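Work through the following exercises with the sequence and the coordinates side by side.

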Amino acid sequence: MAIVTLVVELKDKPGQLAKVIEPVSKHRGNILSIIHQREKKTDRVPVEISIEIDEKNVQKLVESIRAQGVVVKSYNEVRLTATTSVMLIGHIIHTDLANTIDAVDRTGFAEVVEMHISMPCLDKPSTAMVTISATGEEELKKAIGSLKNICKKKGIAVIEPLEVE
Amino acid sequence: MKIAIFGFGAVGRGVAKVLMDRERMSRVLGDYSVVAVADSRGSMVSDSVDLRKALEFKEKTGRLPEGMSVEEIIENVDFDVALELTPTNIETGEPGLTHIKKCLEKGAHVVTSNKGPLVVAYRELERLARKKGVRLMFEATVGGAMPVIKLIRRNLAGNRIESIKGILNGTCNYILSRMEREKLSYRQILAEAKELGIAEANESYDVEGIDSAAKLVILANAVMGMDVKFEDVEVNGITEITPEAFEIALEKGYTIRLIAEVSESELKVGPRLVSLNNPLCVHGTLNAMLIQTDLAGEVFVIGRGAGSVETASAVISDLADIRACSDDL
């Protein structure tokens, strides 16, 4: 998977964003964030959209957005370059695991790419090794920070790596 | 050199035993005599205290014979160096803090293995020592026998210390490395460690990371020029670690160790995933430290972090250093 940031220029009237969103959905992309750059508005509004998408589909996505008559001003595919593993210990499942993982995925620059959970018995704490990839080392540290925050609230212990590799 | 020993527990007795080897010790300490030995309940004071007798008395009765208190000795007995080896209290620093202050005030050098006074009042004590023109040495407080403080201050002088990452508690390292190898639970290994005397009856000071955090505060203040308090350290212990944690970590090439870390942006103690080929992946009761410097790059130290004679080694090296730097001793 890759994270792609597109800047498109949309006319300032209803229905324009759909021209971008439909192709994203068609190519199985997942929208992470949409920012209207209204301060940079001319006759059109630049909109920055971050999408998580299979690398193979990036080119097709850009083409089908252009086919809708939308100007794609720039797009850059950012590969997830930094990866590390973090361990979680506690009641991981019963504290809404999806929501915990989402703390990383929601950042837009990092995602959980792998997870291994051991649940020895009911009611006992589980242990999970979560592998996180991010667009860079700083982003990876931030993503770990977000994960730590949510785990703190849920009473889950986080064991961080000594070095981010 | 006239030496007063305050505190006659494991470290004090270890120092006494080493000082009894007069032939070897006089090579580094010159002429020396122990003029006072005191514990919390008694003391022996003379021109040259018979250390063998002091050790025997302590062994038989669990205390030293009735005599002057430490504070009375500081006031009334003439000595050049005080060895402050009383137990650590990181909340108040006492009784060591008062002892150290009074000794420095009177113009005596101090060598200590007691973390408490340094955690509570490092800057104050350092200023007082400088004002009085005497030395305050504390190699034994961090990493036991492992050379750390003088290594950084002396041998790495001129370097900027960018970060220090270390295993500073042998009890935790023992428990974790056995959990790693034997897949037993934390509770099982802890119980065994207590039987073997590796863990204290009240283990919380070690396993909750408090001891490591106290040492980290000393490092941050003494060799990294910071001014931090114990409360500034983010502290997590090892009590929640599951046996499965090691298996799962191993699949990614990691093990788990309790790491104390200080850098410009971090001041924390907690269990960390440590790559199996990281030098900090040491086993048993060992301590280890990775020092990141700007000129020398990485420097790694490994050694025994506790033990009576091991800690005495650090105390003696401080004494030797004081002597080497003073013309009149």
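This is a predicted model: local features need pLDDT of at least 70, side-chain atom pairs count only at pLDDT 80 or more; totals for chains, interfaces and linings use all residues.

**Exercise 1.** Determine how the radius of gyration of chain B stands to the globule rule for 329 residues.

*Solution.* Begin with the secondary structure of chain B, which comprises 13 helices and 12 strands. The radius of gyration of chain B is 20 Å, close to the 20 Å that the globule rule gives for 329 residues, so chain B is as compact as a globular protein of that length. Next, consider the extent along the principal axes, where the C-alpha atoms of chain B fill a box of roughly 65 × 45 × 35 Å. Finally, look at burial and contacts: 49% of the 329 residues in chain B are buried, and among the contacts in chain B with a separation of 6 or more, 69% join residues 24 or more positions apart.

**Exercise 2.** Identify the domains assigned to chain B and describe the side of domain 1 that touches domain 2.

*Solution.* The domain assignment divides chain B into domain 1, covering 2-145 + 308-325, and domain 2, covering 153-304. The C-alpha centres of these two domains of chain B lie 27 Å apart, and their contact takes 13 residues from domain 1 and 15 residues from domain 2. On the side of domain 1, helix α6 (residues 115-132) of chain B contributes the largest share, with 5 residues. By residue class, that side of domain 1 divides into 7 nonpolar, 3 polar and 3 charged residues.

**Exercise 3.** Describe the contact between chain A and chain B, and state in which sense β8(A) pairs with strand β10 of chain B.

*Solution.* The contact takes 15 residues from chain A and 20 residues from chain B. On the side of chain A, β8(A) supplies the largest share, 4 residues, and the residues of that side divide into 9 nonpolar, 4 polar and 2 charged. β8(A) and strand β10 (residues 267-275) of chain B pair in the parallel sense over 2 bridges, and the bridge partner of A:Pro161 in β10(B) is B:Leu273.

Technical notes: Residues are numbered from 1 along each chain as its sequence is written. Chains are lettered from A and ligands numbered from 1 in the order in which they are written. The radius of gyration is taken over C-alpha atoms; the globule rule is 2.2 Å times the number of residues to the power 0.38. A residue is buried if 20 or more other C-beta atoms lie within 10 Å of its own, exposed if 12 or fewer, and partly exposed in between; C-beta atoms are placed from the backbone. Two residues are in contact if their C-beta atoms, placed from the backbone, lie within 7 Å. Domain bounds come from an automatic or database domain assignment. Ala, Val, Leu, Ile, Met, Phe, Trp, Tyr, Cys and Pro count as nonpolar, Asp, Glu, Lys and Arg as charged, and the others, Gly among them, as polar. Two strands pair if DSSP finds at least two bridges between them.
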